[in-house]
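Thanks for coming. I will take one structure today and go through it piece by piece. Please have a look at it first.

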Amino acid sequence: MTEHDVRALVEAHLATIPDFPEPGVLFRDLTPVFANGPAFHALSEALTAPFADRFDVLAGVEARGFLLAGAASVLSGAGVLPVRKAGKLPRKVLTEEYALEYGTAALEVHEGELPPGTRVLVVDDVLATGGTVGAAARLIERAGWEVAGVAVAIELVDLGGREALGDRYEVYSLLQY
């Protein structure tokens, strides 16, 4: 299936919800894509294709990134590293804080979960301002692993996430809005 075909299939199942979670926001809902086997399969393959043979593990960013990384893991044979919100992991963790519109949040991974130098592909549903994905990438580097790239289903280009990440990481987004 070509990348154009994958885009069309995913867009055919993507739901667009106006004024969610607040007035003026146009929410792109991937849950109908996840519910459709062929669309979910195609999306999962598309996210890893640009990075073929350049990653060992997929880092799924909580929460929808878990779904994407898990599915892509099965298709690629790579492992999955959960990148969780603070306070959700039971063992010793590394923590990375990042800015939100009103305050801060934090992501965590288990310290020592992977061998040093492991090539990790960061996977998430949306790249918006770059805060979450950037924090996940910094966390991976602090853990001693290598960021192989960033793969997202949707990029909201007007919010500047790609620019916020700079040239440090190769970024692939299937859909851009």
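How many aromatic pairs does a search of the whole structure find? The search finds 2. For rings of Phe, Tyr and Trp (for Trp, its six-membered ring), a pair needs centres within 6.5 Å; planes under 30 degrees apart are called stacked, over 60 edge-to-face, and the rest tilted. In one of the pairs, Phe20 and Phe27, the ring centres are 5.3 Å apart and the planes stand at 80 degrees, so this pair is edge-to-face. A pair of aromatic rings is described by the distance of the centres and the angle of the planes.

Before I go on, a word on where the values come from. This is a predicted model, in which local features need a pLDDT of at least 70 and side-chain atom pairs count only at pLDDT 80 or more, while totals for chains, interfaces and linings use all residues. Residues are numbered from 1 along each chain as its sequence is written, and side-chain values use heavy atoms, with hydrogens and water left out.

Now the overall picture. The protein has 6 helices and 9 strands; these are DSSP runs numbered from the N terminus, with helices (H or I) of at least four residues and strands (E) of at least two. The C-alpha trace spans about 40 × 40 × 30 Å along its principal axes. For 177 residues, a compact globule would have a radius of gyration near 16 Å, and the protein agrees, with 16 Å. That radius is taken over C-alpha atoms, and the globule rule is 2.2 Å times the number of residues to the power 0.38.

Of the 177 residues, 45% are buried. Buried means under 20% relative accessible area, exposed means over 50%, and partly exposed is in between, with a 1.4 Å probe and protein chains only. The accessible surface comes to about 8700 Å², and carbon and sulfur atoms hold 53% of that. The areas come from the Shrake-Rupley method with a 1.4 Å probe, and for residues only the protein chains shown count as cover. Among contacts (heavy atoms within 4.5 Å) between residues at least 6 apart in sequence, 57% join residues at least 24 apart.

The peptide bond from Phe20 to Pro21 is cis, with omega near 5 degrees. Pro21 lies in the loop between strand 1 and strand 2, the latter being residues 26-29. Asp19 is in the loop between strand 1 and strand 2 too. Its phi is near 60 degrees, a positive value in a residue other than glycine, and Asp19 is partly exposed at 47%.

Ala15 belongs to strand 1, residues 15-18. Not counting residues up to four places away in sequence, Ala15 touches Phe27, Arg28, Asp29 and Pro32. Ala15 and Leu30 are 15 residues apart in sequence, with 6.7 Å between their C-alpha atoms.

Where does the charged end of Arg28 sit? It sits over the ring of Tyr177, 3.8 Å from the ring centre. For that, NZ of Lys or CZ of Arg must be within 6 Å of the ring centre and within 35 degrees of the ring normal.

Next, helix 3, residues 37-48, which contains Ser44. Is Ser44 buried or exposed? Ser44 is buried, with 0% relative accessibility. A polar atom of the Ser44 side chain lies 2.8 Å from the backbone oxygen of Phe40. Leaving aside neighbours within four places in sequence, Ser44 contacts Leu68, Ala71, Ala72 and Leu75.

Between helix 3 and strand 3 there is a loop that holds Asp53. Asp53 is not a glycine, yet has a positive phi of about 65 degrees; Asp53 is exposed, at 72%. A cis peptide bond also joins Glu62 and Ala63, with omega about 5 degrees. Ala63 lies in the loop between strand 3 (57-61) and helix 4 (64-76).

Last, His110, in strand 6, residues 103-110. His110 counts as buried, at 10%. The side chains of His110 and Arg91 are joined by a polar contact of 3.0 Å. A polar contact is a pair of N or O atoms within 3.5 Å; within protein, one must be able to donate a hydrogen and the other to accept it, and residues adjacent in sequence count only if both atoms are side-chain atoms. Beyond neighbours within four places in sequence, the contacts of His110 include Leu89, Val93 and Trp145.
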